[in-house]
Amino acid sequence: MRDTRRTRVILGVLLVAALTMITIDHRGGDESPLRGLRGLGAAVFGPVERASAAIVRPVGNTFDAITDAPGQRRRAERLARQNQLLREQLRSAQLDKDHADQLRRLLGTAGMGGYEIAAARVISAGHGYEDTVTIDIGGRSGIKRDMTVMSAQGLVGRVTRVGPATATVLLATDQTSAVGARLEDSKEIGILQGNGRHGRRADDSPLRFQLLNAGAPIKVGQRIVTFGSQGQRPYVPGVPIGVVDRIEKGTGGLTRTAHVRPFVRYSALDVVAVVVAPPKTDPRDSVLPPKPPTPTPTPTPSRTPRPSGSPSPGASPDGGTEARPSGERSPSPQPSTGE
């Protein structure tokens, strides 16, 4: 179509007519006189619009996905970092709660014994033939060699090497360890030694105890505490060690070895304490945990008494003695001379 004056007039008239119809339809609303024309337009152009949308929408979505991919990836990475941070915070809070509980129990145990302690964390375990662990305090915290190391449950061992910020602890289970120990509720003392983790059978106890007096009484279930060393080093008195699990008699019965089940789980050490000052007095058995209550025996039911009206064996119904057949001898309480 050529761009002439007539063409421009026709386009202007059509534009004015379209604007007029839109205005009338908008003002009329549901009562618009052009609603029929509107319905006709929807019926004619609706399928074309839906077909165009079905073709254009996937292309638009693909284009949006391509353009938004870097942003979506950055948002996913940011959410992943936030989730990881939240998990670490939750784990840290749980660990802090566990450590606080262990420290509270440790302070309670030290308070009962009158020990002055420096709390520490186990940061590594020895890999050689010695049963050792490394703790995170050392000479700068006042730690010295041959100081007692304990946990909330009982004896751990003694300090053998000290660095500026760390120290090495020889566990009581080591084969070279020897601890003076005493039986609960007794003055009998002996030597507690470790069986070591290398070469020990799975059914063996990690500790063994021998009394200095081989004839002194000892029984399964008796508990053992440290006796204390001269000058209170390397071991202070009264620290719980364990319970006698079984007693093994030596050759000829002259010596007896008690296998001890320790209170401390040496494979799961975490929060421990170094005793930097001994108690003023021997705590004896006061640091030991309370004994479990003894179970009450269940009473056995008594036998039901025989009714008074029932005849006893050997008695006749009328109360007299049951008659024996003639010729039958009654049993004699003593054998005759001919027997």
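**View 1. Bridge partners in strands β10 and β11 of the predicted model.** Val-243 has Arg-261 of β11 as its bridge partner. Val-244 lies opposite Val-260, also in β11. Strands β10 and β11 pair in the antiparallel sense over seven bridges; two strands count as paired if DSSP finds at least two bridges between them. Strands are DSSP runs (E, at least two residues), as helices are (H or I, at least four), and they are numbered from the N terminus. In a regular strand, side chains alternate between the two faces of the sheet. The model is predicted, so local features require pLDDT of at least 70 and side-chain atom pairs count only at pLDDT 80 or more, whereas totals for chains, interfaces and linings use all residues. Residues are numbered from 1 along each chain as its sequence is written, and side-chain values use heavy atoms, with hydrogens and water left out.

**View 2. Strand β11 beside strand β8.** Strand β8 (residues 207-211) is joined to β11 by four bridges, and the two run antiparallel. The bridge partner of Phe-209 in β11 is Ala-258. Because five of its seven residues are buried, β11 is largely enclosed by the rest of the structure. Buried denotes under 20% relative accessible area, exposed over 50%, and partly exposed the range in between (1.4 Å probe, protein chains only).

**View 3. The six-stranded barrel.** Six strands close into a barrel with antiparallel pairing, in the order β6-β7-β8-β11-β10-β9. From one strand to the next, the twist averages 40 degrees; axes are lines fitted to C-alpha atoms, for helices over the stretch in contact, and angles run from 0 to 180 degrees between N-to-C directions.

**View 4. Surroundings of Asp-270.** Asp-270 is located in the loop between β11 (256-262) and β12 (271-277). With a relative accessibility of 19%, Asp-270 counts as buried. Its side chain makes polar contacts with the side chain of His-99 (3.2 Å) and with that of Gln-102 (3.2 Å). A polar contact is a pair of N or O atoms within 3.5 Å; within protein, one must be able to donate a hydrogen and the other to accept it, and residues adjacent in sequence count only if both atoms are side-chain atoms. Residues up to four places away in sequence aside, Asp-270 touches His-99, Gln-102, Ala-120, Arg-121 and Val-122, where contact means heavy atoms within 4.5 Å.

View 5. Most residues other than glycine have a negative phi, and most peptide bonds are trans. Asp-146, in the loop between β2 (132-135) and β3 (148-150), has a positive phi near 60 degrees. Asp-146 is partly exposed, at 26% relative accessible area. Asp-185 likewise has a positive phi, about 55 degrees, and is found in the loop between β6 (178-183) and β7 (189-194). At 61% relative accessibility, Asp-185 is exposed. A cis peptide bond, with omega about 10 degrees, joins Arg-233 and Pro-234. Pro-234 is placed in the loop between β9 (223-226) and β10 (240-249).
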